[in-house]
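Hi there,

Here is the structure I promised to send over. Have a look at it first, and my notes follow below.

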Amino acid sequence: MKNFKNSIPVKSPKKGLLITAFLIAQLGIAQEKTEFKGTIGKTLADSKEYWPDPVTAPKGAPNVVWILLDDVGFGASSTFGGLINTPTFDNLASNGLRYTNFHTTAICAPTRAALLTGRNSGRVHVSGFSHTILSAGFPGWDGRIPADKGTIAEILRDNGYNTFAVGKYGVTPDEEASDAGPFDRWPTGKGFDHFYGFLGSQTDQYNPDLVEDQVHIKPDGRHLNELITDKAISYIQKQQKAAPGKPFFLYYAPGAVHAPHQVAEKWVEPYKGKFDEGWDVYREKVLANQKKLGIFPQNAVLPERNALITEWKKLTPDQKKVYARFMEVYAGFLTYTDYEIGRVVNYLKESGQLDNTLIFVAIGDNGASKEGTLQGTINQSLFSQGKTDEENFQSNLNNIGEIGTAKGLNTNYPLGWAQATNAPFKNWKQDAQSEGGTRNPLIVFYPNGIKDKGGIRTQYSHVTDLLPTTLDIVGIKAPEYIKNIKQDIIQGSTFKASLDNSKAESLHKVQYYYIFGNRAIYKDGWKASAAHLPDSFAVKKSLGSAEKPAPSNFDTDVWELYNLNEDFNERNNLAKKYPEKLAELQKLFDEQAKENNLYPLIDWQDVYNRRIHNTGADKGKTVSDLIKQATKPGGTNN
């Protein structure tokens with residue numbers, strides 16, 4: 001484009017911009033322009049009309065459903081050894097495939113950006129979030145997915161699909177999330193024919209910040225899971241009535257089981273007393289189940305209990321009562337979510353569409369949440385300050401009846417349950433250096449395309465792989481242009497071959513991870529990782545306190561080395577044994593960081609101290625101010 005611009009004499013800058021824009025448009029159009037094959041004479045009598053054939057999907061192309069849950073640890077669902085009943089997932093996995101080595105980014109927005117585009121989160125500008133307080137004015141950090149990083153919805157819609165999204169979107173910038181738009185970064189601007197859900201990261205399940213297409217609407221008091229399921233089914237019903245047999249793409253992304261954990265008591269009741277043995281016993285039972293299912297080796301061992309977590313038998317009776325209630329509610333919330341997803345699956349079966357539907361179920365966009373703190377939260381904000389752990393616990397004890405109800409506006413279980421539901425891994429959400437933050441269960445279900453029903457797949461894969469795998473199965477090539485804009489490369493790799501071959505080679509060889517300081521690099525089964533200090537716990541605890549954490553120093557973070565081929569849950573640090581391998585991977589991390597716009601490295605101290613995006617009307621506001629602003633009813637986000 002530079003050569004074209006330089007070859008045209010231009011007197012005014014304005015005129016030059018117009019000519020350049022015209023040429024860009026023409027170059028794009030040239031890629032998509034349909035050749036006129038009729039005849040144009042002077043009169044209609046000596047002319048012949050030409051109508052190009054409408055775009056249609058490949059013959060026999062399946063419907064595609066992507067299901068992405070929120071904040072579910074590896075060891076939560078019964079489908080992957082957990083103690084929480086998920087019969088819909090069990091059925092899909094028994095008639096499909098379980099993928100046990102699938103990875104996310106360790107936190108929600110980067111995972112969703114990578115999933116929708118098939119590219120690394122930094123490359124699509126979402127190393128952090130699209131929220132004001134968690135984005136920064138750099139190419140990898142501004143939270144604005146560029147038009148040259150097209151989404152799966154844009155690709156499928158341009159190839160004959162209808163496209164629907166319901167639930168959590170999470171990658172629309174706060175500043176653009178009002179009814180005034182602009183709307184090009186809303187779901188309908190990114191390839192979805194219809195959207196029904198919320199744009200932010202978290203919302204009240206009974207009073208959600210609800211959006212339909214391009215306008216905020218008032219919810220009717222029903223649970224968000226029910227609302228999005230009804231809407232998803234209605235979209236499919238209407239589409240099939242208008243165009244029977246036309247394939248559709250449904251992106252179903254509930255806010256569950258992210259905080260607030262809110263669910264009707266009837267779903268909690270079956271779990272009364274089920275977790276009274278505590279989180280230590282839970283972990284042991286889960287690992288035993290995982291061995292029975294053949295998910296992990298028979299010689300697998302749990303990592304040591306995290307030093308932050310108190311042994312269950314040493315807790316007081318009041319602590320056990322409160323903590324068990326938190327887990328009962330969480331379990332009920334997950335089972336209810338499984339039920340609502342089952343309604344979609346059952347509708348597809350009853351309408352005769354299920355056999356030719358490709359379903360991916362990612363059980364979590366990261367590991368189990370560490371944001372419930374050590375005590376658990378009911379209404380305490382993630383960014384609250386000024387109260388001790390003892391005061392927070394007493395508040396939870398006094399208000400135990402609000403856990404799981406509409407009154408609990410930020411209900412989240414304590415950290416001990418996050419460790420338990422992440423079994424057999426260590427660490428949690430946000431911990432990009434750890435499998436506990438990045439490893440999530442994946443189910444692939446496709447009756448017309450999977451013969452090894454109930455099979456297990458161990459190939460390494462990443463959230464960026466779902467887009468190219470979907471295109472490979474459907475029979476569509478990634479486009480060179482979308483809306484006349486030349487597209488960037490797809491970074492994910494297809495794992496279609498593994499559907500038929502349990503020993504197929506993983507094509508995804510290298511992957512970096514980074515979430516606010518915590519970082520890792522993977523290559524061919526080897527992984528180097530560094531936890532960043534001070535972590536989010538230390539930084540949050542310092543809010544409102546005279547005692548501040550030491551300034552962060554990325555150079556003093558301690559790197560570890562693991563051979564995941566032999567040590568899948570990172571129990572044996574090989575950094576001292578193989579320093580050359582560690583150095584090789586550290587160098588690779590730097591190369592990947594540069595390639596994917598990750599630099600500059602930004603951490604939680606930068607966030608809490610408002611060192612980023614501290615401009616305009618928000619300049620000078622605290623993190624708490626911005627959270628309150630964003631979570632007001634009718635606000636930009638929840």
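Let me start with a salt bridge: Arg343 pairs with Asp230, and their closest N and O atoms are 2.4 Å apart. By salt bridge I mean a side-chain nitrogen of Lys or Arg within 4 Å of a carboxyl oxygen of Asp or Glu. This pair links distant parts of the chain, with Arg343 in helix α9 (residues 317–350) and Asp230 in helix α6, 113 residues apart. Helices (H or I, at least four residues) and strands (E, at least two) are DSSP runs, numbered from the N terminus.

Before going on, please keep in mind that this is a predicted model: local features need pLDDT of at least 70, side-chain atom pairs count only at pLDDT 80 or more, and totals for chains, interfaces and linings use all residues. Residues are numbered from 1 along each chain as its sequence is written, and side-chain values use heavy atoms, with hydrogens and water left out.

**More on the charged pairs**

Arg343 is partly exposed, with a relative accessible area of 23%, and Asp230 is partly exposed too, at 27%. (Buried means under 20% relative accessible area, exposed over 50%, and partly exposed in between, using a 1.4 Å probe and protein chains only.) Both residues belong to a network of salt bridges that also links Asp220, Arg222, Glu226 and Glu340.

How many salt bridges does a search of the whole structure find? The search gives 38. One of them joins Asp488 to Lys149, with the closest N and O atoms 3.2 Å apart. Asp488 lies in the loop between β13 (485–486) and α14 (497–500) and Lys149 in the loop between α4 and α5, so this pair ties together parts that are 339 residues apart in sequence. Asp488 and Lys149 are both buried.

Another salt bridge brings together the side chains of Lys231 and Glu212 (3.0 Å, N to O). Here Lys231 sits in helix α6 (residues 224–242) and Glu212 in strand β5, 19 residues apart. Glu212 is partly exposed, with a relative accessible area of 23%.

**The aromatic rings**

The structure holds 34 aromatic pairs. Rings of Phe, Tyr and Trp (its six-membered ring) pair if their centres lie within 6.5 Å; planes under 30 degrees apart count as stacked, over 60 as edge-to-face and the rest as tilted. Trp141 and Tyr514 have ring centres 6.1 Å apart and planes at 85°, so they are edge-to-face. Because Trp141 lies in the loop between α4 (108–117) and α5 (152–157) and Tyr514 in strand β14 (residues 510–515), the pair ties together parts 373 residues apart in sequence. Both Trp141 and Tyr514 are buried.

Trp141 also forms a tilted pair with Phe516, at 5.8 Å centre to centre and 55° between the planes. Phe516 is in the loop between β14 and β15 (518–523), 375 residues from Trp141, and Phe516 is buried as well.

Elsewhere, ring pairs link a cluster made up of Tyr271, Phe275, Trp279, Tyr282, Trp312, Tyr323, Phe393 and Trp417.

**One last residue**

Ser201 is found in the loop between β4 (194–198) and β5 (211–212). Is Ser201 buried or exposed? At 10% relative accessibility, Ser201 counts as buried. Its side chain makes a polar contact with the side chain of His131 (2.6 Å). A polar contact is a pair of N or O atoms within 3.5 Å; within protein, one must be able to donate a hydrogen and the other to accept it, and residues adjacent in sequence count only if both atoms are side-chain atoms.

Best wishes
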